[in-house]
Amino acid sequence: MASWFLAGATILTLVACYQLSLWAYRRSGAMPLLHPVFSLSAMVFAVLILTPLSYGQFMVGGEYLLRCLELAIVALALPIYRSVRQLASGFARLAAGLAVCSVLLGMLAVGPLPWIGVDETVWLSLAPKSVTTPVAYTLAEMMGALAPISALSVSLTGAMGTFMGPYVLARLGVENTAVRGLSQGLTAHAFATAKLLEHNPVEAGFSALGMGLNAILTALWLPLAFAAFSTFTL
Amino acid sequence: MQSLKWLAKALAMVVCLSVFVAVGKLLQASFSLPFPGAIIGMMLLVVALTAIGRIPDWLGEPVDRVLPHLSLFFVPAIVGVTQIDILDAWGWLLLVSYLLVSWLLSLIVVALILQRAMGKTN
């Protein structure tokens, strides 16, 4: 009974705070650092530090929101479906490009780390960092890596990509909406998608497509690569 | 009346999405597939929508309303960071700078590859 009350109160407070931070974000003219992802997280950090409320108590309610993340993944089928329809003709060509990108992203995520003495569990946790949080978390757990490091890396990467991605793409001279959306979705997954959904639904659709396909492709090749790696080193 | 209609649509959406998550998880468990159940559910929904040929109103309207607020659901995942204590301050700093370099390289490589792959179609 008490836990139900705690969970309900946590979620209601969080939603109220979310509305507040969203209002502040819009009033500021969409200032990146005021995005609810950061301002709301900062509020929760502050509450956990300043009040007797513990992480465990917060997660009684937080757990429900985390579970909603799964529903949200399925809901992303809608923007993906819309962009697949829009692409239709060039899809086979694009899928090949995306498969190459997916593997390259994993390699760029790990980079030189295994050869410069970084702990295996740490660099393994970074491998799925371009994939959306729930998928990366699950993949890391499956490989025996540190799932919380993955979740954090995914969030940080997403935040970087969300706010600096459009700038980098502009510097590269990338103007094609599909390429812009896809590359943001591939490198900054749901963060970029959520941000793009606010003002740019078409790019967001491509971003969701890139994110969804990258999640699927990575979930396919990463476990295989990991199995190969394990047998090779043993 | 209007809000009652919305409530019904929102409920239909939650039920529909939950069913796809559940089916995805069931398939994942019974065939011990390497990818998460939610991803399988998402793929199934894309297939289902393609088969129907359009997005039904009772699903499309509430989803379009909720999806822009996806950020809210990331907050508990980010707060989980407070529970990690295997890295010291220096380690975190290195990790963040590594992530920045790695992300920048990734975006440049991916954007250039995709631009080439799309180049001829558009």
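These legends describe close-up views of a predicted model with chains A and B. Residues are numbered from 1 along each chain as its sequence is written, and chains are lettered from A in the order in which they are written. Local features need pLDDT of at least 70, side-chain atom pairs count only at pLDDT 80 or more, and totals for chains, interfaces and linings use all residues, while side-chain values use heavy atoms, with hydrogens and water left out.

**View 1. Chain A meets chain B.** On the chain A side, 92 residues are in contact with 70 residues of chain B (contact: heavy atoms within 4.5 Å). The buried area is about 7,200 Å², and carbon and sulfur atoms give 83% of it. Buried area is the accessible area (1.4 Å probe) that two parts lose on being put together, summed over both.

**View 2. A salt bridge joins A:Arg82 and B:Asp64.** Their closest N and O atoms are 3.2 Å apart. The side of chain A that touches chain B has 68 nonpolar, 18 polar and six charged residues. Ala, Val, Leu, Ile, Met, Phe, Trp, Tyr, Cys and Pro count as nonpolar, Asp, Glu, Lys and Arg as charged, and the others, Gly among them, as polar.

**View 3. Helix 3 of chain A meets helix 4 of chain A.** Helices are DSSP runs (H or I, at least four residues), numbered from the N terminus. A:Ile73, A:Val74 and A:Ala75 in helix 3 touch A:Ala77, A:Leu78 and A:Pro79 in helix 4. This contact has six nonpolar, no polar and no charged residues.

Notes: A salt bridge is a side-chain nitrogen of Lys or Arg within 4 Å of a carboxyl oxygen of Asp or Glu. Helices (H or I, at least four residues) and strands (E, at least two) are DSSP runs, numbered from the N terminus.
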